[in-house]
Amino acid sequence: MTLIGSHVGMNAPDFFLGSAKEAVSYQANTLMLYTGAPQNTKRRELSELKIDEGWAYLRTHGIEEIVIHAPYIINLANTVKPETYELAVSFLTLELQRSAAMGSRILILHPGAHVGAGADVGTRSIVKGLHEVLSACPDCMIALETMAGKGSEIGRRFEELAAIYDGVPENDRLRICFDTCHVHDAGYDIVHDFDGVIEQFDRLLGKDQIAVFHINDSKNERGAHKDRHANIGEGFIGFDALRAIVHHPDFLSVPKILETPYRPDSENPSQTLPPYKEEIAMLR
């Protein structure tokens, strides 16, 4: 069975129970969430999050797997500001522990940006940080996300991700989150040759390392290095290519997560609404 869902919120007063209800309302069978706001380090106590109630609701509706995304403020590649690296290690350790406590086996992480120090320096810093974090928390895996390549991001090429794997002693607990918009914007031709792209990935990392897909169309032509998500079928990747990826026989059991933009509400154009119920139905 194809696992497909979307990013959902986690807000007071229902927290994870509310996340579960939102996912079910989209007729999803998996979901992704943040343990708190992705832009800061403020976090509620786990005891407040209604974790058991949320899982009871999910299992009633046949959902057995969730994934969690680490906040954007984590940058293990920053050697220019040591305090940024130190915050990244300490907060990523906390997020990995929280992810395990919430019942996820996967925490998705943007590898990081070297902010001018160079990719080799940034990669060594990522390797060092991942070793510190993974050796301190053995109960959850980290899925490095493929990146579009804007600015000084590391992870735009499969070779860059493979270099991180090669350096981390605990790489048995690393996985990959394959973002369709990011890979397209990085220059890979997933529209006309997805199998060829996967062959490249398989030679460098092993296709069994893909633990999550982010399914997003792109507002950019291939190789633009911009990372601007589009709604399904409304970008340069297109519906047919995305649906083929969702139903690819090699990845049926891998969760597919939508992160597409909200749409204006036709009755109140100043408000936006999630497109996920309709897009999940389209892709099914």
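Glutamate 95 is buried, with a relative accessible area of 0% (buried means under 20%, exposed over 50%, partly exposed in between, with a 1.4 Å probe and protein chains only). This is a predicted model, in which local features need pLDDT of at least 70 and side-chain atom pairs count only at pLDDT 80 or more, while totals for chains, interfaces and linings use all residues. Residues are numbered from 1 along each chain as its sequence is written, and side-chain values use heavy atoms, without hydrogens and water.

Glutamate 95 forms a salt bridge with arginine 43 (3.2 Å, N to O); the term denotes a side-chain nitrogen of Lys or Arg within 4 Å of a carboxyl oxygen of Asp or Glu. Glutamate 95 lies in helix H3 (residues 82-101) and arginine 43 in the loop between strand E2 (30-33) and helix H2 (51-60), so the pair ties together parts 52 residues apart in sequence. Helices (H or I, at least four residues) and strands (E, at least two) are DSSP runs, numbered from the N terminus. Arginine 43 is also buried, at 17% relative accessibility. A network of salt bridges links Arg43, Glu95 and Arg98.

## A further salt bridge

The structure holds 11 salt bridges. One of them joins arginine 44 to glutamate 48, with the closest N and O atoms 3.1 Å apart. Arginine 44 is partly exposed at 43%, and glutamate 48 is partly exposed at 33%.

## Cysteines

There are zero disulfides (pairs of cysteine sulfur atoms within 2.5 Å). The sulfur of cysteine 137 is 6.8 Å from its closest cysteine sulfur, in cysteine 140, too far for a bond.
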